[in-house]
Amino acid sequence: LVNEEKRLSVMFASQTKSKEELFNELKTFIVDYARNNLTIDIVLKEGDKPNFMHTYNTFRVTSREGDYGYIGVVHPRTQNAIDKRLNIVCLEVNFGLLSSKEGYFKKAKVPSKFQSVNFDVSVLVPVSMKYGELEQILNK
């Protein structure tokens, strides 16, 4: 029997942007999508990599509940076979598995009614004193 899975594959390529810029854009895309739409915090970890991906610049896309796929820079040999002038990064996740997970929400921190103050000055000045004069005195 065939095991069908819904997979999302995204590839960013550019002649002008560096691999780091493309990687950061792709990472922002998947992390923000998962956090904002699925309420899942994505973490990138070391792990298994496909042969066509770079050995050091490829990471597993994971969360608390499991492993969903990989993200990284395409291996230089694969990149050269496509186009030597392009910088290419790739993402592939099991979107069916990712979207089936129930999200979790972080507990919100309630701010204190009485905010802490690091520096507070109370000064009595004559009504006729101008702000510029007061500022000069305080800056001494």
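Is Phe-95 buried, partly exposed or exposed? Phe-95 has a relative accessibility of 23%, so it counts as partly exposed, since buried would need a value under 20%. Keep in mind during the tour that the model is predicted.

**Stop 1**

Five of them form an open sheet with antiparallel pairing, in the order 1-5-4-3-2. Strand 1 (7-14) and strand 2 (43-45) stand at the edges; each has a single partner strand, so one side of each is left without a neighbour in the sheet. From one strand to the next, the twist averages 20 degrees. Strands of a sheet pair through backbone hydrogen bonds, either parallel or antiparallel.

- Strand 1 and strand 5 run antiparallel and are joined by eight bridges. Select Val-10 to find one of the partners: its bridge partner in strand 5 is Leu-91.
- Strand 4 and strand 5 are antiparallel too, with five bridges between them. Here Gly-69 has Val-93 of strand 5 as its bridge partner.
- Strand 3 (residues 53-62) is joined to strand 4 (residues 67-74) by six bridges, and the two run antiparallel. Met-53 has Val-74 in strand 4 as its bridge partner, while Thr-62 stands opposite Asp-67 of strand 4.
- Lys-45 has its bridge partner, Arg-60, in strand 3.

**Stop 2: strand 5**

Select residues 87-94, which make up strand 5. How many residues of strand 5 are buried? Eight of the eight are, so strand 5 is largely enclosed by the rest of the structure.

**Stop 3: helix 1 and the cores**

Helix 1 lies across strand 1, strand 2, strand 3, strand 4 and strand 5, and runs at about 20 degrees to strand 5.

Next, select Ile-42, Ile-71, Leu-91 and Leu-98. These belong to the largest nonpolar core, which has 18 residues, and they touch the most other members. Helix 1, strand 4 and strand 5 each supply at least two residues of this core, and the largest share, six residues, comes from helix 1. Centre the view on Leu-98. Setting aside neighbours within four places in sequence, Leu-98 is in contact with Ile-30, Leu-38, Ile-40, Ile-42 and Tyr-68.

Another core, of six residues, lies apart from the largest one; among its members are Tyr-70, Leu-86, Ile-88 and Cys-90.

**Stop 4: aromatic pairs**

How many aromatic pairs does a search of the whole structure find? The search finds three, and two of them are visited here. A pair of aromatic rings is described by the distance of the centres and the angle of the planes.

Select Tyr-33 and Phe-95. Their ring centres are 6.0 Å apart and their planes stand at 40 degrees, so the pair is tilted. Tyr-33 is in helix 1 and Phe-95 in helix 3 (residues 95-100), so the pair ties together parts that are 62 residues apart in sequence. Tyr-33 is partly exposed, with a relative accessible area of 29%.

Then select Phe-52 and Tyr-70. This pair is edge-to-face, with 6.2 Å from centre to centre and 70 degrees between the planes. Phe-52 is in the loop between strand 2 and strand 3 and Tyr-70 is in strand 4, 18 residues apart. Phe-52 counts as partly exposed at 35% relative accessibility, whereas Tyr-70 is buried at 8%.

**Stop 5: Gln-79**

Finally, select Gln-79, in helix 2 (residues 76-82). Gln-79 counts as buried, at 6% relative accessibility. Which backbone oxygen lies 2.5 Å from a polar atom of the Gln-79 side chain? That oxygen belongs to Leu-86. Apart from neighbours within four places in sequence, Gln-79 is in contact with Lys-19, Val-74, Lys-84, Leu-86, Asn-87 and Ile-88.

Conventions
Residues are numbered from 1 along each chain as its sequence is written. This is a predicted model: local features need pLDDT of at least 70, side-chain atom pairs count only at pLDDT 80 or more; totals for chains, interfaces and linings use all residues. Side-chain values use heavy atoms; hydrogens and water are left out. Helices (H or I, at least four residues) and strands (E, at least two) are DSSP runs, numbered from the N terminus. Buried means under 20% relative accessible area, exposed over 50%, partly exposed in between (1.4 Å probe, protein chains only). A polar contact is a pair of N or O atoms within 3.5 Å; within protein, one must be able to donate a hydrogen and the other to accept it, and residues adjacent in sequence count only if both atoms are side-chain atoms. Contact means heavy atoms within 4.5 Å. Two strands pair if DSSP finds at least two bridges between them. Axes are lines fitted to C-alpha atoms, for helices over the stretch in contact, and angles run from 0 to 180 degrees between N-to-C directions. Rings of Phe, Tyr and Trp (its six-membered ring) pair if their centres lie within 6.5 Å; planes under 30 degrees apart count as stacked, over 60 as edge-to-face and the rest as tilted. A nonpolar core is a set of buried Ala, Val, Leu, Ile, Met, Phe, Trp, Tyr and Cys residues joined through side-chain atoms within 4.5 Å.
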